[in-house]
Amino acid sequence: MSGINKTTEKHLMVFSGRAHPQLAQEVAAALGTELVPTSAYDFANGEIYVRYEESVRGSDAFVIQSHTAPINEWIMEQLIMIDALKRASAKRITVVLPFYGYARQDKKHRGREPISARLMADLFKTAGANRLMAIDLHTAQIQGFFDGPVDHLMAMPILADYVGRKYGHLDLAVVSPDAGRIKVAEDWSSRLGGAPLAFIHKTRDINRPNEVVANRVVGEIKGRTCVLVDDMIDTAGTITKAADALMDQGAAGVIIAATHAILSGPAVDRLKACKVEEVIVTNTLPIPDDRRFDKLEVLSIAPLVSMAIREVFEDGSVTSLFDGKA
């Protein structure tokens, strides 16, 4: 009989960039492994160097990097990490994006604009990624921008279970801060035992990013504790105006629940000054101590990411983690 038969053992390896090592360490610990020792530094002109301290040949590699500020630097570092793995003969490279940078630029509102979310997917593909894993993409269609498998994980069960435990005894309403996210609010509603839905009708000035002009509440929220749900809090302008609009129209209280705490610029001051009882987020992005405040509750996303990595590694089903909805 000619030929060679060898059944190789599958080998899981987890890698982390320098953007959010705490999350990657938590994920690795939940998987019962350790992060692969990596030497990474910047040259004097800002160029990034990365080298792995042990062999990665034949590995099933998971590269974790959350796109926090300075965002372009961390995206570039992740691309370089993927390239290093490809050239060192990793068997399969899965890019883990707790927060996918440039996800808001997913379509053209006006002529001569980029679709940067698609460009990002192309960059990962070119660098050598076989698969993407992301949490709460800004819009679901980004999954189609990458030519390969995409695991779209949802933080909603983690956030909603916390809200249910703490506030489930109250009369709740689930509120979407804009009409476009009503589908997400519906999933929240069913998770919270059919709480009624409302949404904020807002108008934007397309020439001024991050600014909302007017808010009107559509739905019955009087006397209810409103759970205001969104995928991200950036400058917190949209969400705090929405919270104030809810209180002005008779809500009993407002809780904000969002996956990604970007918390740029005035966000923390706005959230502190706003009439909300609690701001619940996850640790998809690092939140330094000086951006934390009394009303902020940070839930860990690491158990979700580690379960998804295990399913991918064992050729299981990521969808099964979300009752077949992912």
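Predicted model: local features only at pLDDT ≥ 70, side-chain atom pairs only at ≥ 80, totals over all residues.
Local features here need pLDDT of at least 70, side-chain atom pairs count only at pLDDT 80 or more, and totals for chains, interfaces and linings use all residues. Residues are numbered from 1 along each chain as its sequence is written, and side-chain values use heavy atoms, with hydrogens and water left out.

Start inside. In soluble globular proteins, nonpolar side chains tend to be buried together. A nonpolar core is a set of buried Ala, Val, Leu, Ile, Met, Phe, Trp, Tyr and Cys residues joined through side-chain atoms within 4.5 Å. Buried means under 20% relative accessible area, exposed over 50%, and partly exposed in between (1.4 Å probe, protein chains only). The largest core has 42 residues. Val27, Leu153, Trp188, Val227 and Ile309 have the most contacts inside it. Helix H8, residues 302-313, gives the most to this core, with seven residues. Helices (H or I, at least four residues) and strands (E, at least two) are DSSP runs, numbered from the N terminus. Another core, of 32 residues, lies apart from the largest one. Its members include Ile82, Tyr100, Met120 and Ala129.

Contact means heavy atoms within 4.5 Å. Not counting residues up to four places away in sequence, Leu153 touches Met133, Ala134, Ile135, Asp136, Leu304, Val305, Ala308, Val318 and Phe322.

Now turn to the annotations. UniProt positions are given in the numbering used here, with shortened feature names, and annotations may be inferred rather than shown by experiment. One "binding site" annotation, from an unreviewed entry, lists His138 and Asp178. They are spread over 41 residues of sequence, yet they cluster in space, with a largest C-alpha distance of 12.9 Å. From this set, His138 is part of the lining of the largest cavity. On a 1 Å grid over the protein atoms alone, a cavity is a set of points where a 1.4 Å probe fits but cannot get out; a pocket is an open set with protein on both sides within 12 Å along at least five of seven lines; lining residues have an atom within 4 Å of a point.

His138 sits in the loop between strand S6 (131-135) and strand S7 (150-153). His138 counts as partly exposed because its relative accessibility is 23%. Beyond four places in sequence, His138 touches Ala103, Arg104, Arg181, Asp231 and Met232. Asp178 lies in the loop between strand S8 (172-176) and helix H5 (182-191). Is Asp178 buried or exposed? At 19% relative accessibility, Asp178 counts as buried. With neighbours within four places in sequence set aside, Asp178 is in contact with Phe199, Ile200 and Lys202.

Gly46 is in the loop between strand S2 (38-42) and strand S3 (48-52). Its relative accessibility is 41%, so Gly46 counts as partly exposed. Gln105 lies in the loop between strand S5 (92-97) and helix H3 (116-127). At 33%, Gln105 is also partly exposed. Beyond four places in sequence, Gln105 contacts Pro114, Ile115, Ser116 and Ala117.

A further "binding site" annotation in the unreviewed UniProt entry covers Arg204, Asp230, Asp234, Thr235, Ala236, Gly237 and Thr238. From this set, Asp230 belongs to the lining of the second largest pocket. Thr235 is in the loop between strand S11 (225-233) and helix H6 (237-248). Thr235 is buried, at 16% relative accessible area. Ala236 is found in the loop between S11 and H6. Ala236 is buried at 4%. Apart from neighbours within four places in sequence, Ala236 contacts Ala267, Arg270 and Leu271.

Finally, the rings. Rings of Phe, Tyr and Trp (its six-membered ring) pair if their centres lie within 6.5 Å; planes under 30 degrees apart count as stacked, over 60 as edge-to-face and the rest as tilted. The whole structure has four aromatic pairs. Tyr41 and Phe43 form an edge-to-face pair, 5.7 Å centre to centre with 80° between the planes. Ring pairs link Tyr41, Phe43 and Tyr49 into a cluster. Tyr41 is partly exposed, at 39%.
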